[in-house]
Amino acid sequence: MLGYVTLEESAGAADRLLAAAAATLQAEGLRLAGAVQHNLERGAGRECDMLLRILGTDSVIGITQDLGSCAQGCRLDTGALAQAVALAEGVLAQGADLVIVNKFGKQECFGNGFRAFIAEALARDIPVLLSVAEEQLAGFRAFAGDLAQPVAAEAALDWCRGHVRAAA
């Protein structure tokens, strides 16, 4: 019950897909846990700001830090990411029909980020849908093993609905 989408055709495509799926499924009455990402453009020549909307709450957490215009390092604010994970864990503890996570990224490949949260949802037999970039697929497959099921973008909602019914 671990579905993943891989969309590389345009920046933010997977973020938009998962955010739209979450909005639709919440409107249908499903209890969701996890996080979806929204990117705020900051203008020409500047990197976007990444925001995580924590599903099941009204919380939005900025997970990027401003390192200055010449910085080359990672802009991820790992403290803010940990805060987002903690909020999502609180929602999961109250019960959820489905988990959606914006991505299984570098942090998750290294054992951090939402990795333990995803494992907890799977241990509770709650279906999980997330995105994985091509460069993280090996790390994701090492984590997920046989549980991972590729999901076509156009089938994401049907996958969620079908697995929520199967889990119920």
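First, the ground rules. The model is predicted, so local features need pLDDT of at least 70 and side-chain atom pairs count only at pLDDT 80 or more, while totals for chains, interfaces and linings use all residues. Residues are numbered from 1 along each chain as its sequence is written, and side-chain values use heavy atoms, with hydrogens and water left out.

Start with helix H2, residues 78–94. Helices here are DSSP runs of H or I with at least four residues, strands are runs of E with at least two, and both are numbered from the N terminus. H2 has 17 residues and spans 25 Å from first C-alpha to last, close to the 24 Å expected at 1.5 Å a residue. That expected span is 1.5 Å times one less than the number of residues.

Which residues of H2 are buried? Ala80, Leu81, Ala84, Val85, Ala88, Val91 and Leu92. Buried means under 20% relative accessible area, exposed means over 50%, and partly exposed lies in between, with a 1.4 Å probe and protein chains only.

What covers the buried residues? The cover includes strands E2, E3, E4 and E5, plus helices H3 and H4.

Now the ends. At the start of H2, a side-chain oxygen of Asp77 comes to within 3.1 Å of the backbone nitrogen of Gly79. Just after H2, Gly95 has a positive phi of about 105 degrees.

Next, H2 against H4. Their axes come within 10 Å and cross at roughly 10 degrees. That makes the two helices roughly parallel, a label for angles under 35 degrees. Axes are lines fitted to C-alpha atoms over the stretch in contact, with angles from 0 to 180 degrees between N-to-C directions. H2 brings Val85, Ala88, Glu89 and Leu92; H4 brings Phe117, Glu120 and Ala121. Contact means heavy atoms within 4.5 Å.

Over to strand E2, where Gln37 sits. Gln37 is buried, at 6% relative accessible area. Its side chain makes a polar contact of 2.8 Å with that of Asn39, and another of 2.9 Å with that of Asn102.

Last, Asp125, in the loop between H4 and strand E6. Its phi is near 60 degrees, positive in a residue other than glycine. Asp125 is exposed, at 52% relative accessibility.

Technical notes: Polar contact = N/O pair within 3.5 Å; in protein donor to acceptor, adjacent residues only side chain to side chain. Parallel < 35°, antiparallel > 145°, perpendicular 65-115°, else oblique.
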